[in-house]
Amino acid sequence: MDHIPVVGRRGVLVAGVGLVAAGCSVPAPRRGGPVADPAPGAPIAAARRARLMQIAAHPDDDLYFMNPDTQRMVDAGVPLVSVYVTAGEHDGRNHIPGRGGAPADKAAYSSARHQGLRQAYAAMLGLDMFTAWRKDVIVLRGDRRAEINTLSHGGRRVELVFLNLAMHAPRRWTALPSLWKDRALGLRTVVADDSPVRRADAYDYDALVDVLVGLMERYRPTVIHTLDPDPDIQHSDERTRRKDSEQPGYSDHGDHTAVASFSWAAMIRWVADATRDGGAVPAFVATAFRGYYNRHWPKNLPGPVLGEKAAHLVPYGGDPSWDCGNSGGCGDYNVGGTRPLTNRKGWVRATHHRYPSPGPVVATEPDGRLAVYGVLGLRAVRRRETAPGSGRWGAPDDLGGGPLAPALGGATLADGRLLLFGLRFSALGGHGGPNSREVVLLEQREAGGPFLAWTGLGNPERGDDRGRRLGVPVAVADRDGGVHLFVRNADKGVSSRRRPAGGGWGPWRDLGGAEVQDGLSAALDGSGRVHLFAAGRDTVHHWAQDAPGGPVTLRAGAGLPAPGGPVAVAPAGDGGLALHYRAPARAELLSLRPDGTPLPRITLAGYGPVAVTATAGGTALLGRDLRGHLQLRTPAGRLVRRTRGPAALGAATLHVTARDGIRAVGLGPDAHPWTWFPEPRAEG
């Protein structure tokens, strides 16, 4: 976060050669740079030691946009490496609310923001915020230097790495976006006060990507947090845009977008470098976080979670009266106290993932084992249970297709064949190079069997810029064997493609309706009609078929209460559907029919989206409590909390089998799946 205004076509992948047609192309390399082969079958590194790396543009982006996710992982004992690309120095003025103009001193202001981060993370570790950190110099690729601060406590460890690239340059007020876009630009670093780094370094495009790749190789994170590389299109008048600190035309700060783009380019290159000559794919999962998007959509954090998140910005903001021992200052003074909660922009009041996932795709194999599908090392992978009902998972099988966004959509045909849908970075290049996205499909030949080649399904948008705004694909198979595919589009509406049974994919079609958030939910009702639900600003939007086989069209508004995030959908006992979601800033769960009829209240206080599944005995619901722990409301009404095992990374999936009943499957911080059986299982 910073406080300034800133200026398929159808194709098939084949092993070894990349692409036959343009619909699913390998990202175009810049200056011959490496790109991983998207063909399946690569070995995958066996990483079981969890480590989180987060890459931010400014000091405090992590506190505003990545928490509470970061805190939950630190609380679980996951080591954290937090990389800050810019110095955060802006104009050098550390404004003190209620006082006159502050003197301009960029080295001091950068140092004060570093000190604010040390204070915030010391408090997160349960220490006094003025606890001394170890300050060192880390040597990066290209013989560049950066300051690294380290603090450990109670088996937990935080490292802060300050690359300190200047936010502004001569004739380039927005330096980082220019570094991403312009061929001739280079940037110098800012030497902060009280830093062990005493010389400035120079960076160009390739140097920054190379340094980020080197940090990934050094630390080998299993989870990488980034900002949003493809923010929403947002057309505001100039006065509003400047007040909201947004770049022209988009709902985020230009530095956020540039650093996120560099981060994704670095992840792609890390995988390419690691797999060259038959090497193993790094085993990591990525999560991108929305930034100033939070200003424009309902807030999704209830009071206790919001209070906890905002509390970490108090030591970061600091106060000029504090005796912190840092000559440059004791925090980013304009952010301290209650100001994050009173700021009209409301950035702190929500945490949104750029690619929201309902959890891993889980399928039952013909032999009774479960298979779980997800994205690892930017590639699709499958893991199988070691035995039916074991809850233990074998090594991952690489299904290729990368580089993919973190979430997969899935649909199962009546014959048991699985279809996986992904959002692919078909090109990601700066300096005016191609930068495009496409939806891709991986389809099984037979139930539980091998897969066909990846197929490109294109993009409903014309032009790369609009095409980058696509959301996560969601799909559902109808009873006749047809498949309906849905994505959020650049206008924040919904686009769809349909493949009838035995036929080919039809054209993309805009479904119309109002603006919605990503995280779409599709389902069949008891009569076989396809329904789609999406969270809007002030209600839940609904599309459905009039009859099976017909087009999916917008339904008249039923006046459903405003949602704070994605809507979970499950069959109801009478053949209808039931919706479950949280209202903005509320911990309680709402349960309703699509026509607005209230259903019996289900107590599942917490935050974030919920997962739901229907069983013979009723409905089961899974979500997070206010401390981030998973909890399940069983069909019998019992509340069961998950108290053991690795922390849950992102959303988990509920799956029901006749043999084992209800189970939840998710990913841990080590990028390895876990299984939770919340109820006792029958013997045999």
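Helices α4 (175-181) and α7 (254-275) each supply at least two residues to the lining of the second largest pocket, helices being DSSP runs of H or I with at least four residues, strands runs of E with at least two, both numbered from the N terminus. This is a predicted model, in which local features need pLDDT of at least 70 and side-chain atom pairs count only at pLDDT 80 or more, while totals for chains, interfaces and linings use all residues. Residues are numbered from 1 along each chain as its sequence is written, and side-chain values use heavy atoms, with hydrogens and water left out.

The volume of this pocket is about 270 Å³. On a 1 Å grid over the protein atoms alone, a pocket is an open set of points with protein on both sides within 12 Å along at least five of seven lines, a cavity is a set where a 1.4 Å probe fits but cannot get out, and lining residues have an atom within 4 Å of a point. Grid points are joined across faces, edges and corners, and a volume is the space filled by probe spheres set on the points. Of the 18 lining residues of the pocket, Trp180, Lys181, Thr257, Asn435 and Arg468 lie nearest its centre. Helix α7 gives the most to this lining, with 4 residues. By class, the pocket lining has 5 nonpolar, 9 polar and 4 charged residues; Ala, Val, Leu, Ile, Met, Phe, Trp, Tyr, Cys and Pro count as nonpolar, Asp, Glu, Lys and Arg as charged, and the others, Gly among them, as polar.

Turning to the second largest cavity, about 100 Å³ of space lies inside. Two or more of its lining residues come from each of β13 (370-376) and β14 (379-384), with β13 giving the most, 5 residues. The cavity lining comprises 10 nonpolar, 1 polar and 1 charged residues.

Antiparallel strands β33 (residues 630-633) and β34 are joined by 3 bridges, and Leu632 has Val640 in β34 as its bridge partner.

Finally, the whole structure contains 1 disulfide, defined as a pair of cysteine sulfur atoms within 2.5 Å. The disulfide joins Cys324 to Cys330, with 2.1 Å from S to S.

Technical notes
Pairing = 2+ DSSP bridges.
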